[in-house]
Number of protein chains: 2
Amino acid sequence: MQIAILLFDRFTALDAVGPYEILSRAPGAETVFAAESAGAVHNDSGSLTLVADLALDDVPAPDLVIVPGGPGQSAQMDNETLLGWLRRADATSTWTTSVCTGSLLLAAAGLLDGRRATSHWLALEQLKEYGAEPTGERVVTDGKYVTAAGVSSGIDMGLTLLGRIAGDEYAQAVQLLTEYDPQPPYDSGSPAKAPAAVVEEWRGKSRFILR
Amino acid sequence: MQIAILLFDRFTALDAVGPYEILSRAPGAETVFAAESAGAVHNDSGSLTLVADLALDDVPAPDLVIVPGGPGQSAQMDNETLLGWLRRADATSTWTTSVCTGSLLLAAAGLLDGRRATSHWLALEQLKEYGAEPTGERVVTDGKYVTAAGVSSGIDMGLTLLGRIAGDEYAQAVQLLTEYDPQPPYDSGSPAKAPAAVVEEWRGKSRFILR
């Protein structure tokens, strides 16, 4: 099973590395990071650099596609090189997935038309504008399309999908090995749970962050 | 505040990127990845490459040190270049931290003698052999030393420490922006919770994984 993780300038690192850490442990997985050009790709803050092993043209038919998000997504929304690759890869993929605003790229490629999907909580309205049917869920599966909410949700998406691919016991073993027994010190991880003032502050800044 | 994240061959990616994604958002943070030599560093499976911006000698006095783990830790346990850097960095750091078997490196450097600390659940006995007092907790703070359990626990460590550094409300905002509202599809993230057969299988393999 070939897993391709898309990289682009100003992606969010955990969006990519969360599901990577889970799904790259699938039986027989060959995981590659791919970008428009092979080589160094910088994240949203510019302080983390991941290497894209291959150019998109060198990964024509992955079995599983993972599209991370990040503020850099907005500059790719009309990049036909990237969107065209997504459409071609999707044509033969077994699973097409995203984390955070990565779902906006899938939607811009026309892959989520009329499908239930999710994204970062600040991007759900924009996801609707691009033809998907946003839900507030953390991980949404609609056919072969699996989308996850913001940033850290890709870990939950990875485990959910690993269970489908390799069975519950295998996924449970990977959860144990990655010691994914979350104990956040606050309960502030969604707009329904965070202090109202914090939510409103960031709603006000969302256009700055996402577009 | 300068944050230095140590990289070494065959580190585990999420160990580093989990706390990175949280703590690099601290006010005024300058985050650098550092390794014995600057340049590409490959993770445990060899399928992910992060770039070390600087060599250790170029990061003499970080305010916050983050040491990830991974199977590559075992090859570093008597690397005096790396251990010496840890001791010197620790001499002036405000916080010295680790994720997963990174705590074994802190212990090998003599920094956890008699201190409460944690590590990957499969490494707790070895941590004791190196002079620390292991606990089964997910995040352990003893003075300026903050250690986290396996792989994904670095996210919880990051939020705990961010609250200490920047205050509860700031940490809650970062939790909201990274949408850290965990909803794992299984409850198998610790040896107390995972199916007994899975736990025993991996206990049997632990020497293969860790040393």
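Student: I read that two strands pair if DSSP finds at least two bridges between them, so which residue in S5(B) is the bridge partner of B:Ala35?
Tutor: The partner in S5(B) is B:Ala55, and S2(B) and S5(B) run parallel, joined by two bridges. Strands here are DSSP runs of E with at least two residues, and helices are runs of H or I with at least four, both numbered from the N terminus. This is a predicted model, where local features need pLDDT of at least 70 and side-chain atom pairs count only at pLDDT 80 or more, while totals for chains, interfaces and linings use all residues. Residues are numbered from 1 along each chain as its sequence is written, and chains are lettered from A and ligands numbered from 1 in the order in which they are written.

Student: How do S1(B) and S2(B) run, and how many bridges join them?
Tutor: They run parallel, with five bridges between strand S1 (residues 2–6) and S2(B), and B:Ala4 stands opposite B:Val32 of S2(B). With H1(B), these two strands make a right-handed β-α-β unit, where right-handed says that, with the strands pointing away from the viewer, the path from the first strand over the helix to the second runs clockwise.

Student: OK, and what order do the strands of the open sheet have?
Tutor: In chain B the order of the seven strands is S5-S2-S1-S6-S7-S11-S10, with mixed pairing. Its edge strands, S5 (54–55) and S10 (139–142), each pair on one side only.

Student: Changing topic, how many residues does each chain give to the contact?
Tutor: Chain A and chain B give 56 residues each, where two residues are in contact if their C-beta atoms, placed from the backbone, lie within 7 Å. On the side of chain B, the elements giving two or more residues include helix H1 (13–23), strand S2 (30–35) and helix H7 (196–210), but the largest share, eight residues, comes from H6(B).

Key. Pairing = 2+ DSSP bridges.
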